[in-house]
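Here are my notes on the model, point by point. Please read them with the structure open.

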Amino acid sequence: MRRLLLVAATAMAAALAATAGVALSQDAKMSFFVTSVGSGNGADLGGLKGADAHCASLAEAAGVTGKTWHAYLSSSTEDARDRIGRGPWFNAKGEKIADDVASLHSDANGITKQTALTEKGETINGRGDMPNRHDMLTGTRPDGTRIADQTCGDWTMSGAEGAAMMGHHDRTGLDDTAAARSWNSSHASRGGCSQEALKGTGGDGLFYCFATE
């Protein structure tokens, strides 16, 4: 009996160790995600520092620690492409998003509705879902450089004034144009920077986060 109990306990311990190893490996690899929630205050993210802190907070809550996270957002003085490190980047399931900055901003990137997962490894509603949440705040052109007047006051505005350039994480829109399929530069918000304005075009104040190392 004791031998059977010992064998069972050993097997259980091995299984738990293996599970923990897989979890740690996956956690260590994740370096890209879409925020599962926004600030709740439209495009007012507390500036770039506030957006970066939001990325870090969500990652840590999901069990991913020891990384420096930056939001993929441009401001009037910074380009989103220069904020996110060198790559490569992987989602919560270990799927590669891009090898480097150049491939991220090319047709070779792996961003789709199925791969642009949250920090929890969940998909985000896209076009055709209710509610649609595919608009991602970026403030950038397709090459990842800033559009200074489309960053909602450098991510500090949440009213009827201002505008934010947004991309479609699901790569779909009203038509099949390059803009409609762009993950980072599809269209500007309409009606300002409030939560209501962002929801009005199919958004929810969400954005991309990248580990910088």
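1. Two strands pair if DSSP finds at least two bridges between them. Strands (E, at least two residues) and helices (H or I, at least four) are DSSP runs, numbered from the N terminus. On that basis, strand 5 and strand 6 run antiparallel, joined by three bridges. Met 136 stands opposite Gly 167 in strand 6. Strand 6 is also antiparallel to strand 7 (residues 187-188), through two bridges. There, Met 165 faces Ala 188 of strand 7 as its opposite residue.

2. A word on the source. This is a predicted model: local features need pLDDT of at least 70, side-chain atom pairs count only at pLDDT 80 or more, and totals for chains, interfaces and linings use all residues. Residues are numbered from 1 along each chain as its sequence is written, and side-chain values use heavy atoms, with hydrogens and water left out.

3. Look next at strand 8. Strand 1 (residues 32-34) pairs with strand 8 in the antiparallel sense over three bridges, and Val 34 stands opposite Tyr 208. Strand 2 pairs with strand 8 in the antiparallel sense too, over three bridges; Trp 69 stands opposite Ala 211. Strand 5 (residues 135-137) and strand 8 pair in the parallel sense, again over three bridges. Asp 135 has Gly 203 as its bridge partner in strand 8.

4. How much of strand 8 is buried? Buried means under 20% relative accessible area, exposed over 50%, partly exposed in between (1.4 Å probe, protein chains only). Nine of the nine residues of strand 8 are buried, so this strand is largely enclosed by the rest of the structure. In strand 6 (residues 165-168), Met 165 and Gly 167 point one way, Met 166 and His 168 the other, and all are buried.

5. Now the cores. A nonpolar core is a set of buried Ala, Val, Leu, Ile, Met, Phe, Trp, Tyr and Cys residues joined through side-chain atoms within 4.5 Å. The largest has 24 residues, of which Phe 33, Trp 69, Leu 73, Leu 137, Trp 155 and Phe 207 touch the most other members. Helix 2 (47-61), strand 2 (69-71), helix 4 (152-155) and strand 8 (203-211) each supply at least two residues of this core. Helix 2 gives the most, with five. Apart from this core lies another, of 18 residues, among them Ile 84, Ala 116, Met 136 and Tyr 208.

6. Aromatics deserve a look. Rings of Phe, Tyr and Trp (its six-membered ring) pair if their centres lie within 6.5 Å; planes under 30 degrees apart count as stacked, over 60 as edge-to-face and the rest as tilted. The structure holds eight such pairs. The rings of Tyr 72 and Tyr 208 have centres 6.3 Å apart and planes at 80°, so this pair is edge-to-face. Tyr 72 sits in the loop between strand 2 and strand 3 (89-90), 136 residues from Tyr 208 in strand 8.

7. Finally, the disulfides (cysteine sulfur atoms within 2.5 Å). The count comes to two. Cys 55 and Cys 209 have their sulfur atoms 2.0 Å apart. Cys 55 lies in helix 2 and Cys 209 in strand 8, so the pair ties together parts that are 154 residues apart in sequence.
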